[in-house]
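Q: Could you show me how to read the features of a model like this one, starting with the chain and ending with single residues?

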Amino acid sequence: MVLDFGTEAVKVLLQGRRFLKYFDDYDYPGALFRTIELVFSGFEKKPEQVLLSLPPNVLKARIVSQVFKRKALQKVISKKEEKEIEDAVLQRAKKETAHNFSQVSGILPEHIRFVSLRILDRGVKIDGYEVPRLEGYDGKILEFSVLAVFLPGSSTEIERILRQKTADFKIVHTAEGLMKLIKDYPDGIFLDVGGQTQIFLARGRKLEVAGDLGFGGKIFSETISERLGLREKDARLFKERYSNKELSHESSSKIKEMFYFPVRVWFENLKAKLKETQGGLLFPSNIFLFGGGCQLPEIKEILETGKWGNIAFFDAKPKVKILNDPQFLTSLLLKSYAQKSY
């Protein structure tokens, strides 16, 4: 079973079946606990394995660069030394990630729980040259890219509930599932536009950036709710009908007008986040969209026609593509990743 919790809904995959349930009132962690109970109550037999992904405001991922200087320069790296170096690098990455996140969030480092730490594929260099592994090579300066996945707070209650429901569960992040996707799309900016937006950058089949925005599809539902005086649930349905071109021309025009400012707020925040990661390099010209929110036509439109300012791409302007099955793509990627890692 895959349980992919977003900011507004949970997506479930089980034995070839899939379904989506929106939260009437998202009050984490209450809605999360209630929905876990609800999902499992429908099955007589406990699933053997459960993969759980949590909303981007709960489960975080960061790519951390680390440099390690060897002392025994003339010796070829043995398997034992490789293990010692990798352990040291992962501990450094863990400490740096906790410190950096604490600085921006105010959460104490000791209250940040790490779900996984891994050195990325194509993420190891010796004296500037990429190598598949350390063992069998010599050199002085070792560079690593580490993916850190963590929860900014205790996950004890989530884990307690899951242990009652299944013998085997694993918490996974979209960034981990994305590893499969970047083999097919080696260079690009990947935007998971759910209730909030997650940002990933890949170059040369290597994941370089994982981050998130506080803005996504939820601000469009809130805009309709406020402007039309609808309950959030009804506003979300109205938004979906608009995305599916099911409204009259007059109604669609009014909704498009309502979205003029929210989509620009989203775009400006996206540009600011990308600017933080640019580092003087050109961005890949391909932008790939997935997540339920990307089906709003305004998202693709502003990425293609908006003013990017001093953010530079390889081409004059980016090419934007909505990936297949955008609503459930994250769930499918996580399932594929986990089948290999179990």
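Predicted model: local features only at pLDDT ≥ 70, side-chain atom pairs only at ≥ 80, totals over all residues.

Q: How many helices and strands does the chain have?

A: Helices (H or I, at least four residues) and strands (E, at least two) are DSSP runs, numbered from the N terminus. The chain has 10 helices and 14 strands.

Q: How does the radius of gyration relate to the globule rule?

A: The radius of gyration is taken over C-alpha atoms, and the globule rule is 2.2 Å times the number of residues to the power 0.38. For 342 residues that rule gives 20 Å; the chain has 21 Å, close to this value, so it is as compact as a globular protein of that length. The C-alpha trace spans about 75 × 55 × 40 Å along its principal axes.

Q: What share of the residues counts as buried, and what share of the contacts joins residues 24 or more positions apart?

A: Buried means under 20% relative accessible area, exposed over 50%, and partly exposed in between (1.4 Å probe, protein chains only). Of the 342 residues, 50% count as buried. Contact means heavy atoms within 4.5 Å. Among contacts with a separation of 6 or more, 71% are between residues 24 or more positions apart.

Q: Is helix α4 mostly covered or mostly uncovered?

A: Helix α4 (residues 174-184) is mostly covered, with eight of its 11 residues buried. Those buried in α4 are Thr-174, Ala-175, Glu-176, Gly-177, Leu-178, Met-179, Leu-181 and Ile-182.

Q: How do α5 and α8 pack, and at what angle?

A: Axes are lines fitted to C-alpha atoms, for helices over the stretch in contact, and angles run from 0 to 180 degrees between N-to-C directions. Angles under 35 degrees count as roughly parallel, over 145 as roughly antiparallel, 65 to 115 as roughly perpendicular and the rest as oblique. The axes of α5 and α8 are 10 Å apart, at an angle of about 155 degrees. That makes α5 roughly antiparallel to α8. The contact is made by Ile-219, Phe-220 and Thr-223 of α5 with Pro-262, Val-263 and Trp-266 of α8.

Q: Which classes of residue make up the contact of α5 with α8?

A: Ala, Val, Leu, Ile, Met, Phe, Trp, Tyr, Cys and Pro count as nonpolar, Asp, Glu, Lys and Arg as charged, and the others, Gly among them, as polar. In the contact of α5 with α8, five residues are nonpolar, one is polar and none is charged.

Q: How do α5 and helix α6 cross?

A: The axes of α5 and helix α6 (residues 232-243) come within 8 Å and cross at roughly 110 degrees. That makes α5 roughly perpendicular to α6. Residues of α5 including Phe-220, Ile-224 and Leu-228 meet residues of α6 including Ala-235 and Phe-238. By class, this contact of α5 with α6 has five nonpolar, three polar and four charged residues.

Q: How do α8 and α9 cross?

A: Helix α8 (residues 260-277) and helix α9 (residues 297-305) have axes that come within 10 Å and cross at roughly 50 degrees. That makes α8 oblique to α9. On the α8 side the contact uses Val-263, Arg-264, Trp-266, Phe-267 and Leu-270, and on the α9 side Glu-298, Ile-299, Ile-302 and Leu-303. Seven of these residues are nonpolar, none is polar and two are charged.

Q: Where is Thr-223, and why does Thr-223 count as buried?

A: Thr-223 is in helix α5 (residues 217-228). Thr-223 counts as buried because its relative accessibility is 13%. Leaving out residues up to four places away in sequence, Thr-223 touches Met-258 and Pro-262.

Q: Which residues does Glu-81 touch?

A: Glu-81 is in helix α2 (residues 79-105) and, at 18% relative accessibility, counts as buried. Not counting residues up to four places away in sequence, Glu-81 touches Arg-70 and Val-76.

Q: Where does Val-50 lie?

A: Val-50 lies in strand β4 (residues 50-53) and, at 0% relative accessibility, counts as buried. Val-50 and Lys-165 are 115 residues apart in sequence and 9.1 Å apart in space, C-alpha to C-alpha.

Key
Residues numbered from 1 in each chain as written. Heavy atoms only, no water.
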